[in-house]
Amino acid sequence: GAITSAADMLRIDFHGPGGHTARPEETVDMVALVGRVIEHLPRRIAERLGAETPFKVVFGSVHTGGAPNVIPSHARVGATVRTPAQDVWDELPAIVDEELRSMATAAGAACTIEYTRGVPPVENDPTLVEAIRRSATAELGSDAITEAFQSWGGDDFAWYGQHVPIAYVRLGTHDPAGHGQPLDLHAGHFDVDERAIGIGIRVMVRAVTELDRVLSPVPEKPVSS
């Protein structure tokens, strides 16, 4: 199944007449609109998709205004849209667009939406996963294997999965008996325990030979009469 998520980029520009904070009722309160969008857009999408549907809309960028007593005429916000489900990924662009335009129109604002498709989810093929599990067990022992968590991050390795079966494996890069705190791969001061490289190579080579045996079995010799 999915080990990573689809990840899209969303940028919205809101436009209004602007005004003075003493008279917000006479204009489009742009900051209030942005606040409503950030808070309520995920809930509105969930209502469309169903409460149990896995997705995330998280805003990481908000730019609007410059003076505390001026209601700005423009706001720009940016977010990522993520889901581990391929069918949900197919639906999200249209739903996000409809809900954003509905919220902007209700506030009396105009909006420009830039929805950029990112990557689909990485869908692990069960046959490949089983071959890798057997290979890792043979090389390292069963204690060396654990089930990876399903990540909300995206990975462009997923595009291979649109054409051929794939398997995405996570390799431990921190010695649990060592000193120091494990660091996220995106941390600027991340430092890998390089002994993990050799372990990864051993498992990968074993998996390739295992798959070659499974997918290309030696034909049996014909029985002579």
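# A tour of the predicted model

Start with the charges: the protein has 19 positive and 31 negative ones, and their mean positions are 1 Å apart. Keep in mind throughout that this is a predicted model.

**Whole chain.** Show the protein as a cartoon. Four helices and six strands make up its secondary structure. From one end of the sequence to the other, the order is β-β-α-β-β-β-α-β-α-α. The radius of gyration is 25 Å, while the globule rule gives 17 Å for 225 residues, so the protein is more spread out than a compact globule. Along the principal axes, the C-alpha atoms fill a box of roughly 95 × 55 × 25 Å.

The accessible surface is about 14,000 Å², and carbon and sulfur atoms account for 55% of it. Of the 225 residues, 31% are buried. Among contacts with a separation of 6 or more, 75% join residues 24 or more positions apart.

**The largest nonpolar core.** Select L10, I12, F14, I45 and L100. These residues touch the most other members of the largest nonpolar core, which has 30 residues. The elements giving two or more residues to this core are β1 (6-15), α1, β3 (56-64), β5 (74-83), α2 (86-107) and β6 (110-119). In soluble globular proteins, nonpolar side chains tend to be buried together.

Zoom in on I45. Which residues is I45 in contact with, leaving aside neighbours within four places in sequence? They are F55, V57, L92, I95 and V96.

**M30.** Go to helix α1, residues 30-49, where M30 is placed. Is M30 buried or exposed? Its relative accessibility is 0%, under the 20% cut-off, so M30 counts as buried. Beyond four places in sequence, M30 touches F14, H15, G16, T64, I71, P72, S73, H74 and A75. Pick out I71 from that list: M30 and I71 are 41 residues apart in sequence, yet their C-alpha atoms are 6.6 Å apart in space.

**P24.** P24 has a relative accessible area of 29% and is partly exposed. Its contacts, apart from neighbours within four places in sequence, are D29 and I71. I71 is also touched by M30. Now draw a distance from P24 to E147, which is 123 residues away along the chain: the C-alpha atoms are separated by 53 Å.

**N124.** Select N124, in the loop between β6 and α3 (126-140). With a relative accessibility of 13%, N124 counts as buried. Outside the four places on either side in sequence, N124 is in contact with G1, I3, V129, I166, A167 and Y168.

**E210.** Finish in helix α4, residues 195-215, which holds E210. Is E210 buried or exposed? E210 is buried, at a relative accessible area of 14%. Setting aside residues up to four places away in sequence, E210 touches A131, R134 and S135.

How values were computed
Residues are numbered from 1 along each chain as its sequence is written. This is a predicted model: local features need pLDDT of at least 70, side-chain atom pairs count only at pLDDT 80 or more; totals for chains, interfaces and linings use all residues. Side-chain values use heavy atoms; hydrogens and water are left out. Buried means under 20% relative accessible area, exposed over 50%, partly exposed in between (1.4 Å probe, protein chains only). Contact means heavy atoms within 4.5 Å. A nonpolar core is a set of buried Ala, Val, Leu, Ile, Met, Phe, Trp, Tyr and Cys residues joined through side-chain atoms within 4.5 Å. The radius of gyration is taken over C-alpha atoms; the globule rule is 2.2 Å times the number of residues to the power 0.38. Accessible areas come from the Shrake-Rupley method with a 1.4 Å probe; for residues, only the protein chains shown count as cover. Lys and Arg count as positive and Asp and Glu as negative; His and the chain ends are not counted. The place of a charge is taken as NZ of Lys, CZ of Arg, CG of Asp or CD of Glu.
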